[in-house]
Amino acid sequence: MKELDYTKIGMRIRQVRKAKGWSQDELAKKCGISMSFLGHIERGTRIMSLETFVGICSALGAGAEELLWGVANPSDSLLDMWEPLGQQAEQKKTDSYSTYVRIMKSVAEIMNEA
């Protein structure tokens, strides 16, 4: 099973944030967390909750796969397996629920690799 590398996840969050031209303070406010906590997340020194991760994905408009593994496109086989949820996620890409669904699909994919 793949292990999460929180330092790399934080680095990817920082890269996407900077590409948008946002400060840590801007992203933290959009996510409802403190700037200090966001700094820890970006350095990989603190582990965020799934709820916080969903908020960061939504605020950045980034997929869970992109931030977790550096993969820009979700797995088609996983979307086919969960077709009703996949269709809903396609219709509401910016919705935090759809982001949550994509995160859960990524987790399921990781667990299937074990």
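**Core packing and charged pairs in the predicted model**

Apart from its neighbours within four places in sequence, Phe 53 is in contact with Ile 9, Met 48, Ala 64, Leu 67, Leu 68 and Ile 103. These contacts are taken from a predicted model. Phe 53 is also one of the residues that touch the most other members of the largest nonpolar core, which has 25 residues. The most is given by α4, with six residues.

Within α4, the buried residues are Thr 52, Phe 53, Val 54, Ile 56, Cys 57, Ala 59 and Leu 60. After α4 comes Gly 61, which has a positive phi, near 70°.

Three salt bridges were counted in the model. Two of them involve Glu 42, and Arg 14, Arg 17 and Glu 42 are linked in a network. In the pair of Glu 42 with Arg 14, the closest N and O atoms are 3.3 Å apart. Because Glu 42 lies in helix α3 and Arg 14 in helix α1, this pair ties together parts that are 28 residues apart in sequence. The salt bridge between Arg 17 and Glu 42 has an N to O distance of 2.6 Å. Here too distant parts of the chain are linked, as Arg 17 is in helix α1 and Glu 42 in helix α3, 25 residues apart. Glu 42 has a relative accessible area of 1% and is therefore buried. Arg 17, at 5%, also counts as buried, whereas Arg 14 is partly exposed at 24%.

The remaining salt bridge joins Asp 25 and Lys 29, with the closest N and O atoms 3.2 Å apart. Both residues are in helix α2 and are four residues apart, so about one helical turn separates them. Asp 25 has a relative accessible area of 32% and is partly exposed; Lys 29 reaches 62% and counts as exposed.

Arg 12, in helix α1, is a buried residue without a salt bridge. The nearest side chain of opposite charge to Arg 12 is that of Asp 5, at 7.0 Å. This distance is not within the 4 Å that a salt bridge requires. With neighbours within four places left aside, Arg 12 is in contact with Glu 66, Leu 67, Leu 68, Trp 69 and Gly 70. Among these contacts, Leu 67 and Leu 68 are also in contact with Phe 53.

The number of aromatic pairs is zero.

Leaving out neighbours within four places in sequence, Ala 28 is in contact with Ile 33, Ser 34, Met 35 and Leu 38. The C-alpha atoms of Ala 28 and Gly 39 are 9.1 Å apart in space, while the two residues are 11 residues apart in sequence.

Definitions and conventions:
Residues numbered from 1 in each chain as written. Predicted model: local features only at pLDDT ≥ 70, side-chain atom pairs only at ≥ 80, totals over all residues. Heavy atoms only, no water. Core = buried A, V, L, I, M, F, W, Y, C linked by side-chain atoms within 4.5 Å. Buried < 20%, exposed > 50% of the residue type's maximum accessible area, 1.4 Å probe, protein only. Helix = DSSP H or I, 4+ residues; strand = E, 2+ residues; numbered from the N terminus. Contact = heavy atoms within 4.5 Å. Phe/Tyr/Trp six-rings, centres within 6.5 Å; stacked < 30°, edge-to-face > 60°. Lys, Arg positive; Asp, Glu negative; His and termini not counted.
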